[in-house]
Amino acid sequence: MEKVCFGIDVGGTTVKIGLFSDGGKLLDSTEIPTRKEDNGSHILSDICSAIEARLEVNNLTRDDLIGVGIGIPGPVTKDGTVLNCVNLGWGIIKIEEKLSQMLGGIMVKAGNDANVAALGENWQGGGQGFEDLILITLGTGVGGGVIIGNEIVTGSNGAAGEIGHMPTVTGEEASQCGCGKYGCLETVASATGIVREAKKLLEKSSEPSVLRDIIPFSCKDIFDAAKEGDKLSLEVVDKLAYYLGTAAASIAAVINPQVIVIGGGVSKAGKFLLDKIEENFTAGAFHACKNAKFALATLGNDAGMYGAAALILD
């Protein structure tokens, strides 16, 4: 009988748990709540219980299990140590060692959730078939991951790929980011940032816009209006595409990726947004990097599970 592994994506609200065959097929998946009370002390035990339950449901035992991969919303070092994951209430935890012990010595591999999602898209998603890629996720915040030679670039303390915190906006236009700095890419390229930029433009402009009649409007409303030719909404989207394209060009000058994958909720704007980002990328990229392809992420919220499984099946 073929062996299996688990790919686990720990989020601030839920933990996604996928059971994969050793050939990379998703066999079963479930979600459990992320219990953050008591400084997140219940999370790992809840994961262990869920693993045992999914093994039993699928008529499997620990002997059938190759290992467990897990993505964490915080910095994870190369030796599997989580460094102060504030979203979960965790301090410094040697998560690979601890979870392995809780599971009776089964192999555990851990990574930052965005990096792991990038690996998932590299393995079976929008970046499949490429060895070197950048993933940029546009949601409530801006995340990212870098894959070189089909492997995650972790950095010295697990912070490589923090694309959302690239210094991007300067001067009076710079807004404060959740990290405390001013002018991060996240402040203008996240769903929250896009709405904030639209509100600022509405306040200082008398340009007619359908957005003035939508209270409150969302990021999706801005893209829908832009697609219909609303000038103010188009200005917001064009500004977003400029910042993203320029940021991607800067990253490409260091990484020289084959493909840049755009994911997250904002990416649902599809080719309309992708083409604008690529146009700005081409205008700003070093000539030897301009041949990078652009693609939309395809695994959605499952990318983290797939990437976590890939940590084991690599």
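This is a predicted model: local features need pLDDT of at least 70, side-chain atom pairs count only at pLDDT 80 or more; totals for chains, interfaces and linings use all residues.
Let me begin with two neighbours in a sheet: strand S8, residues 133-138, and strand S11, residues 259-263, which pair in the parallel sense over five bridges. A strand here is a DSSP run of type E with at least two residues, a helix is a run of H or I with at least four, both are numbered from the N terminus, and two strands count as paired if DSSP finds at least two bridges between them. Within this pair, Leu135 stands opposite Val261 in S11.

Residues are numbered from 1 along each chain as its sequence is written, and side-chain values use heavy atoms, with hydrogens and water left out.

The whole sheet is open and mixed in its pairing, with five strands in the order S10-S9-S8-S11-S12. At its edges are strand S10 (151-152) and strand S12 (293-296), each of which pairs on one side only. Helix H4, residues 113-124, packs on this sheet and touches S8, strand S9 (142-148) and S10, where contact means heavy atoms within 4.5 Å.

A pocket, on a 1 Å grid over the protein atoms alone, is an open set of points where a 1.4 Å probe fits, with protein on both sides within 12 Å along at least five of seven lines, whereas a cavity is a set from which the probe cannot get out; lining residues have an atom within 4 Å of a point. Grid points are joined across faces, edges and corners, and a volume is the space filled by probe spheres set on the points.

The largest pocket holds about 1,600 Å³, and among its 48 lining residues the closest to the centre are Asp113, Ala114, Thr137, Gly141 and Gly143. Which element gives the largest share of this lining? Helix H4 does, with five residues.

The second largest pocket has about 460 Å³ of space; 22 residues line it, and Leu119, Ile152, Ala310, Leu311 and Asp314 lie nearest its centre. H4 and S10 are among the elements that give two or more residues to this lining.

Finally, a search of the whole structure finds one cavity of 30 Å³ or more. Its lining consists of Val188, Ile194, Glu197, Val236, Lys239, Leu240 and Tyr243, and helix H8 (231-255) gives the most, with four residues.

Definitions and conventions: Axes are lines fitted to C-alpha atoms, for helices over the stretch in contact, and angles run from 0 to 180 degrees between N-to-C directions.
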